[in-house]
Amino acid sequence: MAKKEDKASEKTNVMRLLDAAGISYSHYCYADTDAVSGVEVAAVLGEDPEQVFKTLVTRGRTGQLYVFVIPVAEELDLKKAAHAAGEKSIEMIKSRELLPLTGYIHGGCSPIGMKKQYPTFIDETVELLDTFLFSAGKIGYQVEVAPEDLRRVVDYQTADLTV
């Protein structure tokens, strides 16, 4: 069963970066469950899938990398993503490229703490939420942050990004 972690529990790099920035957040661990997909993670945490987001890394036609953060039950619309980024087209990067480019593995990718800060876009539905959840940078861990607080550590834009 998922549980809110106490302060003495293991901290991920994302949590340390939030602490260093003085940002209030909640963190959750679901590592002892079989949850794999974002929708399963939302269910285990007892959260609405519209409040739990996943982080996707893409490459534009120009070669520039972009980060898109969308609700877990949704699918990234590549045309909308390209439009938001000002690219002619965008494609998902290969799974094997994720770790060398971001420092994260598939399933544990977070918009906070990547090796390099790439242009980041969050689905506009985040503007309707007081807080939202996303990966804490390690499989089995999530953080819950207010969107306006996230802006203190990640420069992002909002856009209509889903199918």
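Modeller: Residues are numbered from 1 along each chain as its sequence is written, and side-chain values use heavy atoms, with hydrogens and water left out. Because the model is predicted, local features need pLDDT of at least 70 and side-chain atom pairs count only at pLDDT 80 or more, while totals for chains, interfaces and linings use all residues.

Colleague: Why is Tyr156 called buried?

Modeller: Buried means under 20% relative accessible area, exposed over 50%, and partly exposed in between, with a 1.4 Å probe and protein chains only. Tyr156 has 4% relative accessibility, so Tyr156 counts as buried. Tyr156 stands in strand β9 (residues 156–159); strands (E, at least two residues) and helices (H or I, at least four) are DSSP runs, numbered from the N terminus.

Colleague: Which residues is Tyr156 in contact with, leaving aside neighbours within four places in sequence?

Modeller: Contact means heavy atoms within 4.5 Å. By that rule, Tyr156 is in contact with Thr120, Ile122, Pro147, Glu148, Leu150 and Arg151.

Colleague: How do you know that the count of disulfides is what it is?

Modeller: A disulfide is a pair of cysteine sulfur atoms within 2.5 Å. The sulfur of Cys29 is 19 Å from the closest cysteine sulfur, in Cys109, and therefore too far for a bond. The count accordingly comes to zero.

Colleague: What makes a set of residues a nonpolar core?

Modeller: The set must consist of buried Ala, Val, Leu, Ile, Met, Phe, Trp, Tyr and Cys residues joined through side-chain atoms within 4.5 Å. The largest such core here has 29 residues, and Leu18, Ile122, Phe132, Val143, Val145 and Leu150 touch the most other members. Elements giving two or more residues to this core include α1 (13–20) and β8 (141–145). Apart from it lies another core, of 12 residues, among them Tyr66 and Ala159.

Colleague: Which residue classes make up the lining of the largest pocket?

Modeller: Ala, Val, Leu, Ile, Met, Phe, Trp, Tyr, Cys and Pro count as nonpolar, Asp, Glu, Lys and Arg as charged, and the others, Gly among them, as polar. On that basis, the lining of the largest pocket has 14 nonpolar, nine polar and two charged residues. Strand β3 gives the largest share of this lining, five residues.
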